[in-house]
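Subject: Structure handover and notes

Dear colleague,

I am passing on the structure below, together with some notes on what turned up when it was examined. Please have it open beside you as you read.

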Amino acid sequence: MRSFRIGALLGALALLGACQRHKYDFDHIVDKDTIAEGGTLVMAENADASKLNPVVIGDATSRDVCDLIFNGLVRPDRRRVDYEGDLASSWEFKDQGKTVVFHLRKGIRWHDGVAFSSKDVEFTWRLIMDPKTATAAKSDFDMVQSIDTPDDLTVRVHYKKPYAPALNAWIIGIVPKHLLEHENDINKSSFNRNPIGTGPYKFIKWQDKQFIQLEANPDYYEGKPHIQRYVMKIIPDESTTLMELKAGSVDLAGLSPDQFSRQTDGADFKRVAAKYHFPGMRNYAYMGFNLKHKPFDDPKIRWALSYAVDRKALIDGVLLGYGKPISGPYVPVMKSYNPEVTPVPCDLTRSAQLLDQAGWKMGPAGVRQKDGKDLAFRLLIPQGDFGKRIVLILQQQFAKVGVKANIETYEWSLFLSNYVNKRDFDALTMMWQFDLDPDQYAIWHSSQTGPEEQNFIGYNNPEVDRLMEQGRTTIDPKKRIALYRRFHAIIAKDQPYLFLFAPDSLSGVSRKFQGMTFTDVGYRRFWYKDWYIPASLQK
Amino acid sequence: MLLRYTLRRLLITVPLLLGISVLTFGILHLAPGSPVQSETAMNPRMSAESIRTLRELYGMDKPLHEQYLAWLRRLAHFDFGNSFKDQRPVIDKVMDALPATLLLNLPTLIFAFGIGIPLGIFSAARPGTKTEKLLTGFSFIAWSMPAFWLALMLQLLGGVWLGILPISGFSSMGSLDLGIWQKGLDIGWHLVLPLVVSSFGSWAVVSRYMRNSVVETLGQDYIRTAYAKGLDDRQVLLRHAMPNALLPQITQVGLAIGGLIGGSVIVETIFAWPGMGRLAWEAATGYDYPVLMGVAFMGAILTVFGNLAADLAYAALDPRIRY
């Protein structure tokens, strides 16, 4: 009797499960081509947001949500390589690039119904420049002398000198003057938890550590998004995220290389979701040399190590093949990436030759020696699996040419304060992350070598200095790109870093979405303009 | 007597808590790194001026002892300060996280003692039998089962294969529009997997303690006396052995009260459960000092008072103990 009851229970459970599992038939969606309004997009993020205000400093999650609530004057286009108008419909550079005039779109309203105007733009700038505001955006506006607003739809920005990265700064979300002008401490303002913007989605609710919910803005200037609700669900664990995706309770999530290649080929995944693989846009991994330390002051040694690296094996080992080798300080999809410079090939003979020429002869223990000293160096990384895997593979590859890398791992803040800032390393491995603009003044200019500054390897090349300066003042986009491509070629010749790879972007998306637009770099840009959920699939 | 003892213990609590707070504060600030650094490092766009503004905002431009005194002054008004991360009051953040943790930990505690104590008594009463060996073996397996593995298996089974249980989270996405009963049901449904995982094995330790303590009691003289009076096994065990064997469990309960508000980081992370474990963990990794100090201090208070309650319960239950 008892076993029968358990059997019946299990049977009922299985039946329930079966019903649930086949709730939707994604292979035969009858109303696939009929655009429908409504439905929900649930996006998984691994950490909660901090402040939903584009002006004050926040984390990556906050920025993702702010992108849907606020608009900048300009924005990266669908391919993320150029700018296009957002709140500004057009703009022009005047006075040889010292002034930028933005023409704003007519009829845009804040989510609370108040009209948006040039005064809001001026206010946002003042707020950023206010010494009391804790923001990462200040340096973007350092070059701005003043702003004036001749009428409600025109903003004139005057720069101290011609400033080419100007547009990049105006991607920042504009905040409403009428709600914030009497705020005495913007860092603690309640606005940061109840944002009002001009974007495609309106803020509805934020439940700490659980979710942030937004709703389509019916008055959005590009038209109301088809998908009614956007929910950002906070799931700290990546295995849980994948399971939620398989269960259909999360619609969009990033995948790790391991998940992408091994855990998403089964019927349980393919039934509900599709996975996508696109070139990465945002970051690259490198090993940087301390150019003030011997023997890395000698370019021959740097080249020898570069030839010793098998970048393909590295990408296979660290990212299971989901990455691209790079030849310089940009990722391949960026315009400033110089396609004529190719990634350094793995060439052990060439590497050994260079080391021999420099006087480092193979010693008895398989480590090269010169004047009785081993060719060994300290390779530092911040704590974390990813960096660890990179340096372990590099260590093996260097050993093949008789170079010994001694790995040292430190907790991130210790790594920065005791080693990077004190220049106490021979080499280190990290990643750089960047936005649309190719300006890398802070990383390569010889003036940026102070204790907490970013040129921590001590790179100093007058020609690169000049290019970095010119890049900031050259307004003509074509000429500007040419400058940065030239910079790329010079850096590649100097090899102050071993440029390793740019990781691909891997993700899984529910198959309920229709109308997706694909470019060579992805599909998520402007999803709110095209995507819809057929009525039969709306929950 | 008891009153005087209680008062004395309460008075000792004050310097104890102060000491704990100095230690916690000191350890936090002696650790390398700072919230400012974690927000600004390796950001080529961060200017020195912004870094200074952040330091001032967090009150980190002042010397350490002033920061501590400021914290203490606020505490005197029951103000734990604001989180560095989102500037919300720490007390609000704790009050958001506490219900979720209690909802998970209280039933876990009840399971731990409710299952552990009878099992311990049973094992002690039937030493060497097959059932006892089986139970002992099973409790070792349950105790050593890694929570994350069990969680993943259950999520896969209940959430993906059968598709009947929520995989993670505290409530469903549409639950904002539900009535109060449906909301409760929805949360209960989400509680199933985390509860199974967090209470799985929690009884194992209790049952081992209980078994040892019953075995020890059964060797006492008064048990022999009870048998000599002609009582049967059952009466001896339940009337004479059990009450005495239960005494040491009071300490366990006392300690567990302190643990009640400190959620499990692993269970809460895997199940995206918005509790205290994640709050403390995220505060620790993000250098959110005010939140961390608040959580640590509340934990300390509960532990201290849990112990005090246990000691008082001893006095009430064991006539041999007098203060």
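How many residues lie between β4(A) and β5(A) in the hairpin that they form, and which residue in the turn has a positive phi? There are four residues between the two strands, and D95(A) is the one in the turn with a positive phi, of about 50 degrees.

Before going further, please note that this is a predicted model, in which local features need pLDDT of at least 70 and side-chain atom pairs count only at pLDDT 80 or more, while totals for chains, interfaces and linings use all residues. Residues are numbered from 1 along each chain as its sequence is written, and chains are lettered from A and ligands numbered from 1 in the order in which they are written.

The hairpin and its sheet

Helices (H or I, at least four residues) and strands (E, at least two) are DSSP runs numbered from the N terminus, and two strands pair if DSSP finds at least two bridges between them. On that basis, β4 (residues 88–94) and β5 (residues 99–104) of chain A are antiparallel partners joined by six bridges, with E92(A) placed opposite V101(A). V101(A) also has a bridge partner in β7(A), namely R156(A), and β5(A) pairs with β7 (residues 154–159) of chain A over five bridges, again in the antiparallel sense. These strands belong to an open sheet of four, in the order β4-β5-β7-β6 of chain A, with antiparallel pairing. Its edges are β4 and β6 (144–151) of chain A, each of which pairs on one side only, and neighbouring strands are turned by 20 degrees against each other on average, direction ignored. Helix α3 (residues 118–129) of chain A lies across β5, β6 and β7 of that chain and runs at about 165 degrees to β6(A); such angles run from 0 to 180 degrees between N-to-C directions, with axes fitted as lines to C-alpha atoms, for helices over the stretch in contact.

The six-stranded sheet of chain A

Another open sheet in chain A has six strands in the order β14-β21-β13-β20-β18-β19, with mixed pairing. Because β14 (323–325) and β19 (404–410) of chain A stand at the edges with a single partner strand each, one side of each is left without a neighbour in the sheet. Neighbouring strands here are turned by 25 degrees against each other on average, direction ignored. Within this sheet, β13 (residues 283–289) and β20 (residues 427–433) of chain A run antiparallel and are joined by seven bridges, and A285(A) stands opposite M431(A) in β20(A). Helix α13 (residues 412–420) of chain A packs on the sheet, where it touches β18 (376–382), β19 and β20 of chain A, and its direction makes about 140 degrees with that of β18(A).

Chain B

Chain B has 14 helices and zero strands, and its C-alpha trace spans about 85 × 60 × 40 Å along its principal axes. Of its 323 residues, 33% are buried, a residue being buried if 20 or more other C-beta atoms (placed from the backbone) lie within 10 Å of its own, exposed if 12 or fewer do, and partly exposed in between.

The axes of α5 (residues 90–125) and α8 (residues 180–199) of chain B come within 9 Å and cross at roughly 45 degrees. Residues making this contact (C-beta atoms, placed from the backbone, within 7 Å) include L103(B) and F111(B) of α5(B) and L191(B) and P194(B) of α8(B).

Helix α13 (residues 276–285) of chain B has seven of its ten residues buried, so it is largely enclosed by the rest of the structure. Its buried residues, among them M276(B), L279(B) and A283(B), pack against α5, α12 (265–270) and α14 (289–317) of chain B. Just after this helix, Y287(B) takes a positive phi of about 55 degrees.

An exposed loop residue

D185(A) is in the loop between α5 (177–180) and β8 (201–207) of chain A, and D185(A) is exposed, with 11 other C-beta atoms within 10 Å. Its C-alpha atom is separated by 47 Å from that of A489(A), which is 304 residues away along the chain.

With best wishes

Notes
Two residues are in contact if their C-beta atoms, placed from the backbone, lie within 7 Å.
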